[in-house]
Structure formats: C-alpha cells, structure tokens
Amino acid sequence: MGFIPEEWFELFYKKTGVTGPYMFGVSFLTYLCSKEIYIMEHEYYNGLSLAILCIVGVKKLGPSVAAWLDKEVDDYEKAWEQGRVQQLEDLKSAIEAEKKEQWRAEGQSLLFEAKKENIALQLEAAYRERLMNAYAEIKKRLDYQVETQNIDRRISQKHMVNWIVSNVLKSITPQQEKDSLKKCIADLKALSATA
Amino acid sequence: MMSNLFSVFDPSTSIFSLSLNWLSSTLGLFLFPFSYWLIPSRYLVVFNSIGGTLHKEFKVLLGGSFKPGLTLLFVSLFLYVVFNNFLGLFPYIFTSTSHLSFTLSLSLPLWLALMFYGWLNNTQHMFAHLVPQGTPGVLMPFMVCIETVSNLIRPGTLAVRLCANMIAGHLLMTLMGNTGSGLSTIMVSFLILGQICLLILESAVSIIQGYVFAVLSTLYSSEV
C-alpha cells in the first residue's frame, strides 16, 4: 500500500489468500474503534485532513517538483562532469598539436636532405669544372708537345729532302742524264705506238 | 506539566511525571538528508537550495557586519523553528513551539547575548541607536524612551509572536476536530474540508513564522 512492507502481506497469502491482509487490517481497526482503545477525537480528524492534503499534494505537485529537482541534480552533475570533460578535450587538442609539431619536425629532415643534395650537386659541379680545367690545361701542354714534334719532323723531313735532292743532283753525271733522257723518249715512242 | 493554558489540548507523554513531550523537538534531526555522496539527491537539493537562498537573504540583511559563517546561526534557527512548527501539524506530535517556555528559551538568550555584547563593547554605538536618524531635536527625549522600551520587549515579542501563532492555529484545529464525533456524515465532510483549508493556512504560517523569527534575529544582531 506504499508504507506497509510486502513481506507482511505475503505472510497471509498461504493461509487466507489475497484478501487476507486487508480483512485483517480492517477488522483490527474496527476492533480498536469499537472497544474504544483508539478514540476518534480531534487528532483523528486532524490526521484525516492532513492525509487527504498530503495525498492530493503529492499527486498534483509531485511530478513537476520531481522533474525540477532532477534537473537541478543533473545540472550539478554536469558541472562536475564539465571540468573533467574540459580537461580531456584540452589534453586531446594538446596531443593533436604535439603530433602536428612532430610532423613539422619530420618535414625539417626533408629540408635537410634537400639541402644536402643541393650542396652535393654544387660540389659535383665544381669538381667537374675543375676536372675540365685540368683536362684542358693538360691537353694544351700535350698539344704543344705534339706540335713541336710535328714541326721538328717537318723541318727535318724538309731538310732531309733538300739534302737528298741536292746530293742526288750533285751526283747526277752528264752521261747518266743523257741516258735517262734517251730512255724516256723511247718509252714515249712505244706508248704512242700502242695508243 | 501545565506550561500553558492550552496544554490540555496537547498530547502528553510522561514517565513518572518527567515530561517526555519535549523529545519531539529532536524529531527535526531525523528529517535531515544524508550528504555522503558528491552528487546530491533530490531531498538534499531542496535543503541546499533553501539554505543557499536564506544565506543570501541574511547576508544582505546583515550588510556591513557580515562575517563568514554568521548566517549559519540564523539559517539553523529558521530550520529548527520551521521543523518544530510543521511537525506539530501532524497528529500525535507535540508542538514544542506553541509553548512560551520553549520560544522564550530560544529568543531570550539570543537577545541577552546581543545586548551584553553590544552594550559592553560598543556602548557609544548602542546609545546612538536609541535615537533614529532624522528625528527633530524636540522629540529626542521621547524617542530615547520609546526605543529603549522597544528594545527591552524584543525577546518577549519574538517569543510571544511565535507561540501565539502556533497556539491559535492548533487551538482552532483541535476545537474543530473535537466537534467531529457528534456530527452526521455530511457535516463531517464539511468539517474535513474546513480543516484542510486550515491546514494549508497553518503550513504557510509555520514557515512564515519561522522566517520572521530568523529575520528579526538577524536584524537585531546587525544593529549591535
């Protein structure tokens, strides 16, 4: 019934069934009243009016008051929760920021790679340029040597030819000259005969 | 114990003429909520809101002489008086606040303490209070007399106001209830209706009287 425990009702069920406890209650109250153990004086009527007032009040105002109180409790709980949730969110965003910073730092290493490559390229270029310079210088010197050798040979050849020719010319006797001229004429005659 | 002309109407519990009636003043303690957990229950929210609202009110009333924790006395006074008043409306519960001995023992020590403290420590200030601001010079002697008398009857008024209000309500309820036994059924329903109206009034009065008691104590303490 609201304020009487269920166990007291169940005590009766086996012996008397479902109406047992109610019968017992009503007859007990009737006994008290008829034997004037409980007297219905002013307290009884006060209690009756108060009971009606309380029941009507709870039924009418109960749900709205309960809803308002529940809202207050929820607000209180949310305020506490808010602190915790706020901290969680702050920490999460701090984690995100940290990750971003780490990604940026990785990007730095890429930069380093690029710079290293750049410098390597520059070094390579400088090396090749100097190599070319060295090659050109050496070629120049070797060309010079070659040229001098060529000139030497040319001059010595020219000199040798002149010397040989002069010696040959010196050694040609007039008899040899006449013989060779006769031979040439005979050859020519033979050639002209066949042609 | 006849502490009161109307105490014949009060339920009386006694062991060998030691009156156990006054134990009903402790019933209010059973109605306090438990605040074990961090999140308040519905009942605790009601208490906290009442306490908080009262604290704000009394803080404003105390004005400049507010010290942290001063409103505790008046909030607890309010709760005590309201509990005792309201529980007295229930059948078979003794209303302690309807007896002058009880209300006087609440108001007299409070007033005496304030007076002793004020007059011994801030004598000049207390004398100055006897003449309100803006009185014409001619009226000043009379104002002193009037203010002194009003000061002296303060504990009496506090006690008697509460006591008389409670007695009046309870007396009406009791007298109405006593006629119930000799009436026909239809008349009994009218009686119940009338008693319900009276009860609503009585509940309001019990809370209001408690509030008045606490507010006036606050005001008296702020004048010290």
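## A partly exposed isoleucine in chain A

Ile164(A) has a relative accessible area of 40% and is therefore partly exposed, a class that lies between buried, under 20%, and exposed, over 50%. The model in which this residue is described is a predicted one. Within chain A, Ile164(A) belongs to helix α3, which covers residues 42-171.

## Overall make-up of chain B

Chain B contains seven helices and two strands, and, read from the N terminus, its elements follow the order β-β-α-α-α-α-α-α-α. The C-alpha trace of chain B spans about 65 × 50 × 40 Å along its principal axes, and 38% of the 224 residues of this chain count as buried.

## How two helices of chain B pack

In chain B, helix α2, made of residues 71-87, packs with helix α7, made of residues 185-222, and the axes of the two helices lie 8 Å apart at an angle of about 155 degrees. Because angles over 145 degrees count as roughly antiparallel, α2(B) is described as roughly antiparallel to α7(B). The handedness of the crossing between α2(B) and α7(B) is right-handed.

Note on methods
Residues are numbered from 1 along each chain as its sequence is written. Chains are lettered from A and ligands numbered from 1 in the order in which they are written. This is a predicted model: local features need pLDDT of at least 70, side-chain atom pairs count only at pLDDT 80 or more; totals for chains, interfaces and linings use all residues. Side-chain values use heavy atoms; hydrogens and water are left out. Helices (H or I, at least four residues) and strands (E, at least two) are DSSP runs, numbered from the N terminus. Buried means under 20% relative accessible area, exposed over 50%, partly exposed in between (1.4 Å probe, protein chains only). Axes are lines fitted to C-alpha atoms, for helices over the stretch in contact, and angles run from 0 to 180 degrees between N-to-C directions. Angles under 35 degrees count as roughly parallel, over 145 as roughly antiparallel, 65 to 115 as roughly perpendicular and the rest as oblique. A crossing is left-handed if the near helix is turned anticlockwise from the far one by less than a right angle, and right-handed if clockwise.
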